[in-house]
Amino acid sequence: MTFRLGSSTRRVATLVALAALPVAVLAVFFVLPVTGMVQRGLFASGSFDPAAAIRVLQRSEVQRALWFTLWSSGLATVLSVALGLPAAFALHRLSFPLQRVIRAGLLVPFVLPTVVVGVAFRELIGEAGLLAGLGLDGTPTAIILGLVFFNASVVIRAVGAAWESLDPRPGEAAAALGAGPARVLWTITLPALRPAIVSAASVVFLFCATAFGIVLTLGGVRYNSIETEIYKLTFTLFDLPGAAVLSVLQLVVVIGLLVVAGRLRSVADPAQSRVVPRRRRVSLRDLPVLLSTSVLVLLVAGPLLALLLGSLRVDDRWSLGNYVALQTPGFDPPLPVPVTTALTTSLAVAVQASVIALTLGLLVAFAVTRRSRTRAERRVRGVLDGLFMVPLGVSAVTLGLGLYLTLGSGALDFRDEPWLVPLAQALVALPLVVRTLVPVLASVDDRLRQAAAGLGAGPLRAVMTVDVPAVWKPLLASAGFAFAASLGEFGATSFLVREERPTLPVVILRLLSRPGSENYGMALAAACVLAATTAVVMLLVERLRVPSIGAL
Amino acid sequence: MLSLSEVSVTYDGETAVEDVSLELADGEVLALLGPSGSGKSTLLRAVAGLESATGAISWDGRALRGVPTHKRGFALMFQDGQLFSHLTVANNVVYPMRLRRIPSAERRKRVDDLLDLVGLGGYQDRLPGTLSGGERQRVALARALAVEPRLLLLDEPLSALDAGLRERLAGDLRRILHEAGTTALMVTHDQEEAFAVSDRIALLRDGRLVQQGTLQEVWAAPVDTWAALFLGYARVLEGPAAYTVLKAAGMDPAGAVALRRSAFVADPAGPLTGTVVSARATPEQHRLVVRLDDVGEVDAVADSAPAPGERVGLRVEPNRLAIPGS
């Protein structure tokens, strides 16, 4: 009896010890800012005042932004799925020359910082762009194309992984029973892929609805989403209560969406067999799929090529001048630091953010996946698991604004602390890290740990022998994700960054907002550097072949 | 009638099936029997149109080259049924009927009849996930039979089931196929399953057809030592040992002899003697391993159990051995 009491006390103590730090960080730097913001939005005059909130929501520009967010995200989601599905099939079920290159290329946009995507599209369709004649600059079409560019890769990743391992035999059985290819697709393949498609579509909608950098760079002054409206209310109109109301609205919508998506996704049949069938050579009947994939390739390659070519031109001549100019602070007025310094800052911040995200993520993942013996314990672990998913549901802009508003005064006057930016970026990356690590740790058979213990290994030794070998690759991969996410992070950073230590995405946006072709050229070159840096990190991660984004 | 003539299938430069020629008459059940990797499933998939093959595959004299799977009028049933897990039992069975635009009133009646045929009346609204392995295979069979396919292709239909169930379902399968008058091609690695279900057997090894014939033909004269062992003979003796055993059986001498487990029976008056190596009781008989003088170890059966080390006399049952290659 004493033994049982002792072991269960120790287990609870371990749980508390593992969870204490992450929970504390989340409480101070996430829950507090977000609730603080809710308070400012709904309790503007000191008491609960829904009328004030409703007045904000009734403003015509707010309603326009809300409506625009909904329909542009919806349309972009539909298009991303429509273009992503055929490409997922072509890249994961067929075999043709250059396939690996195309697959890697189509996945690049996902890791590109949104600011880079915005710049690339402007370079293609803007006033001086190759496709200026189409008159897409500043139109909703441009924003939606930008969103599709960015999100089709999410569909390819998530659905492609499911499609690759989809058992072909039900389809073959249906074909043998007389179903033609279209009918097999409609009655067998798509139902089997539904969980993956729903999951991808909901993530894409989430990304579209919270896409900050793209709308900010492509939407100009005419088109605002909720996110850019929050940003404008804060920094242009200084209407903090209004911004807070919008953030609360977004919080509610996004969390609602995540819950619905979770429900839809859980319909998946876990007993479905997973195999990796041989890939088929392409034949003439694959023509529609290949055409659709080519359209996507053009959509992805076009802006990137335009960006690269644009960055290499100075005064209508080929030149590396824009890259050379990155060593200077620019012109008219100059930036506080040279662009190269901003790159160093970005890299340093990204390292710090990755370390923070990995430390917290590992602690959470271990705390959540230890075996529970009692129902209460299991419930605590479940709540913890869900709690660390919440940052996913809160847009980076909301988080940035919340931190900006609540940490500026009193005992929590952290606004000027140099660690605030890395910490905020770490919180943005945290759900990604937790989602990558938890499934891996959860899939480690607990009997392996028991076997290790039975052979005489202490708890720490058991973790070293059983968990560490299973988790080191996903750990490296999530480090890469956190690093890339942090490098490109713009939403939260734009609220918190200190004037004299800007990160690269912030600098790019500032250069863009300044007049003069030199500044514009520098923005293009900086965007190329940022894109290349993230792409290198993500290609390294890709080589680890850890399933990740699909698990979101 | 299905006929295959010099059919070969190659993947990535490796030959999985080589020059197989076969014929399958209407209403007949043929088992493609072979160990794993022998190319039997590949051959089945080629017949279904799921693999591209060289050589000629034809139905009633009309070549099937270029005819896609869904237009061949065949049905395919896999080892684990491959029921569509998002559809109920009835909707699984209706699926092919819907493709053939059979009117819905008739569909309902046929579903009921088919489920009765496979012994699952009343299961219409169940989901595949709630069925046992054997029940799922029965539903898969009903679905495959739903549109009276010209040819039913069965890929290891019983292998995923446990032994007792497999035996029962094999008997049912044979009855159902014969009642429905279905022409069927079945792939299996299990000779018991092949014998229990099919009329004829084609034995495959390394992608080549080794032997084919009715059960009796194949069983009575396995083409070589490998075939004999694969078909279920316990041992094959060669050279002088074969000569000794055949002589004791009163048969003509041959280079080799394949022995079933019950080819030798303990009999004090038997012409051969040996030392018991081990004895094991089964519900029906005692199974012995005996080291015969001049022959070596053989299997034998006995009504009572001698102790290991004891000397026993053995007689040979001529109908329980075969001459490979004869």
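What follows is a short tour of salt bridges in this predicted model.

## The overall count

Side chains of opposite charge can pair when their charged atoms come close. Searching the whole structure turns up 20 salt bridges over all chains. A few of them are described below.

## A buried pair across the chain

Start with Arg200(B) and Glu28(B), whose closest N and O atoms lie 2.8 Å apart in a salt bridge. This pair links distant parts of chain B: Arg200(B) belongs to strand β9 (residues 200-205), while Glu28(B) sits in the loop between β2 (14-24) and β3 (29-33), 172 residues apart.

Are these two partners buried or exposed? Arg200(B) has a relative accessible area of 15% and is buried. Glu28(B) also counts as buried, at 16% relative accessibility.

## A pair along one helix

In chain B, Glu179(B) and Arg175(B) form a salt bridge at 3.3 Å, N to O. Both belong to helix α5 (residues 163-180), and because they are four residues apart there, about one helical turn separates them. Glu179(B) is exposed, at 52% relative accessibility, whereas Arg175(B) is partly exposed at 36%.

## One more pair and a network

Glu297(B) and Arg291(B) make another salt bridge, with 3.3 Å between the closest N and O atoms. Glu297(B) is partly exposed, its relative accessible area being 30%; Arg291(B) is partly exposed too, at 45%.

Finally, a network of salt bridges links Glu172(A) with Arg45(B) and Glu51(B).

Key
Residues are numbered from 1 along each chain as its sequence is written. Chains are lettered from A and ligands numbered from 1 in the order in which they are written. This is a predicted model: local features need pLDDT of at least 70, side-chain atom pairs count only at pLDDT 80 or more; totals for chains, interfaces and linings use all residues. Side-chain values use heavy atoms; hydrogens and water are left out. A salt bridge is a side-chain nitrogen of Lys or Arg within 4 Å of a carboxyl oxygen of Asp or Glu. Helices (H or I, at least four residues) and strands (E, at least two) are DSSP runs, numbered from the N terminus. Buried means under 20% relative accessible area, exposed over 50%, partly exposed in between (1.4 Å probe, protein chains only).
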